[in-house]
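Let us go through a structure by question and answer. Keep the sequence and the model in view.

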Amino acid sequence: MSNRPLNREPYQQAYYPPTPTGFTRYMRTSLIWQAYRFLVINVKMLKLMAKSKH
Amino acid sequence: MARIVILGAGIAGHTAARHLHKMIGRQHEIVVVSPNRKWNWIPSNIWVGVGQMKEEQVTFDLAEIYGKTSIDFRQAKALSIHPQGDAGMAKPYVTVEHTVAAEAGRQEKISYDFLINATGPKLNFGATEGLGPEHGHTVSVCTASHAVEANHKLQTIIDAMKKGERRTIVIGTGHGMCTCQGAAFEYIYNVDHVLREAGVRDRARLVWISNEYELGDFGMGGVHIKRGGYITNGKTFAESLMVERGIEWITRAHVKKVEAGKIHYETLDGTFHELAFDFSMLIPPFAGVGLKAYDKAGEDITAQLFAPNGFMKVDADYTARPYAEWSAKDWPRTYQNPTFKNLFAIGIAFAPPHMISKPMQSANGTPINPTAPRTGMPSASMAIAVAHSIRDMLNGADQPTHHASMAEMGAACVASTGANFFSGSAASMTVYPVVPDFEKYPEYGRDTNLTFGEVGLAGHWMKYALHHLFIYQARMKAGWSLLPD
């Protein structure tokens, strides 16, 4: 019996959506990058709130 | 001196009370009626539901906070509204029934000059047989005590998996007409996170089930965001998150019945299915709390004030139209009742003119579509607008002066996908406007510069910071009014 891994089954639910690369996953928890994103997200939310005031 | 009565002390009711107290608390009387003594920061219940927070960290004693102000708090349940008074009382009034043990069952009439209905939802577990923690087989994170019980059961499952057993966990919506998919979305990722931390993720089959047509609908018809040189539907990112965490999903599903260990559901194609589970958290559908209304002669006018689902009619356009003819202008702006001008409804308590997601029915005629979300930031915005309008009407304005249409406001949502200061994450999302406006934004109904989403640790920091900020603000501590609502 061969030890060759089986081919991945195509046409399944999990086959189609994009999955993050290792770099993307690293950046999601990189403290420096995320500190910067924290500021960016805050600014985006403040802009949204300013636009929502009537 | 006028009296403003607020029914309900959730996010909408308490926000209105805080702002009215700040603006006119010295000149006028503010009465808050709520059956619950404790205020609950509901967005953090998901952390209670996985054992990352205690109930005490997401609740506080409302009576104690109001006791430090001039706000008059009555721990009672509203029963009926009498907007014209009656033969015995000339002024409009509400009938309430006290819920404090010492006075339980005692009814009282409270007259008002202005009434704000912010009663929130009735958690309608009864709509699906076998749903819910009290009479069913599923748990809930809709209240802090529900979340405590959910965590207790989750830990039992985790203990079994640590002994080598395999378990199926199903999380999502418990009916075809549910809203609040976001809470279930956060819960499934937090469960995934704690299973990984416990080293048992490989022994769990994690399944998402919801009434959304596609993942990422959230009752808002989904969103389109700019990413990687494309404008992409949120479905892509929602599916990506599921695949990344090894979560299966079932959409377009109406849960018909839950038995011990088995969910029966129907899908939009009209077929019926069963799904075995060991642990399940399913959000119930919402309904109005069942307030009645009577005219001066004592005739029942509930149908005049409320929609059939129990939510109060306000200044929306309730004319029934097909989806293609829905307009942003259908949505209410002032939340004033069209008949009784001193009556307002905010938060979940107001009746939306229609859904935001396109209505769908299964081949058997079962409606399967998310209903419109109106919690969190939109609730607070409505509360502030109504508080300002009432202040101005007390000062002589003949109509509401402030507006907060969901078709003209945005919403920010930070959905936790794992709580840990270094390894946690959350999906930070903004959407503008909440209700698509295809006249202003013909292609997607929304401003793609203000509608965005991303996943990362920064989102977790944001969610954690907001937890403390909003509880500080709700406790009405020094400088609360300087903080954003």
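This is a predicted model: local features need pLDDT of at least 70, side-chain atom pairs count only at pLDDT 80 or more; totals for chains, interfaces and linings use all residues.

Reader: What is the radius of gyration of chain B, and why does it count as compact?
Author: The radius is taken over C-alpha atoms, and the globule rule is 2.2 Å times the number of residues to the power 0.38. For 485 residues the rule gives 23 Å, and chain B is close to that, so it is as compact as a globular protein of that length. The C-alpha trace spans about 70 × 50 × 45 Å along the principal axes of chain B. The radius of gyration of chain B is 22 Å.

Reader: What share of the residues of chain B count as buried?
Author: A residue is buried if 20 or more other C-beta atoms lie within 10 Å of its own, exposed if 12 or fewer, and partly exposed in between, with C-beta atoms placed from the backbone. Of the 485 residues of chain B, the buried share is 56%.

Reader: Which helix of chain A gives the most to the side that touches chain B?
Author: Two residues are in contact if their C-beta atoms, placed from the backbone, lie within 7 Å. On that test, 20 residues of chain A are in contact with 30 residues of chain B. Helix H1 (22-29) and helix H2 (31-52) of chain A each supply at least two residues of the chain A side. With 11 residues, the helix that gives the most is H2(A).

Reader: At what angle do helix H1 and helix H9 of chain B cross?
Author: Residues of H1(B), including B:Ala16 and B:Leu20, meet residues of H9(B), among them B:Ala383 and B:Ala387. Axes are lines fitted to C-alpha atoms, for helices over the stretch in contact, and angles run from 0 to 180 degrees between N-to-C directions. The axes of H1 (residues 11-24) and H9 (residues 377-394) of chain B come within 8 Å and cross at roughly 35°.

Reader: What is the bridge partner of B:Ile6 in E8(B)?
Author: Strand E1 (residues 3-7) of chain B runs parallel to E8(B), joined by 4 bridges. In E8 (residues 114-117) of chain B, B:Phe114 and B:Ile116 point one way, B:Leu115 and B:Asn117 the other way, and all are buried. E8(B) also has 3 bridges to E21 (residues 343-345) of chain B, again parallel. The bridge partner of B:Ile6 is B:Ile116.

Reader: How many residues of strand E5 of chain B are buried?
Author: E5(B) runs parallel to E2 (residues 29-34) of chain B, with 4 bridges. It runs antiparallel to E6 (residues 93-98) of chain B, with 6 bridges. E5(B) pairs in the parallel sense with E20 (residues 292-293) of chain B over 2 bridges. E5 (residues 72-82) of chain B is mostly covered, and its buried residues number 8 of 11.

Reader: How far apart in space are B:Gly290 and B:Ala78?
Author: B:Gly290 lies in the loop between E19 (286-287) and E20 of chain B. B:Gly290 is partly exposed, with 14 other C-beta atoms within 10 Å. B:Gly290 and B:Ala78 are 212 residues apart in sequence, yet C-alpha to C-alpha they are apart in space by 9.2 Å.

How values were computed: Residues are numbered from 1 along each chain as its sequence is written. Chains are lettered from A and ligands numbered from 1 in the order in which they are written. Two strands pair if DSSP finds at least two bridges between them.
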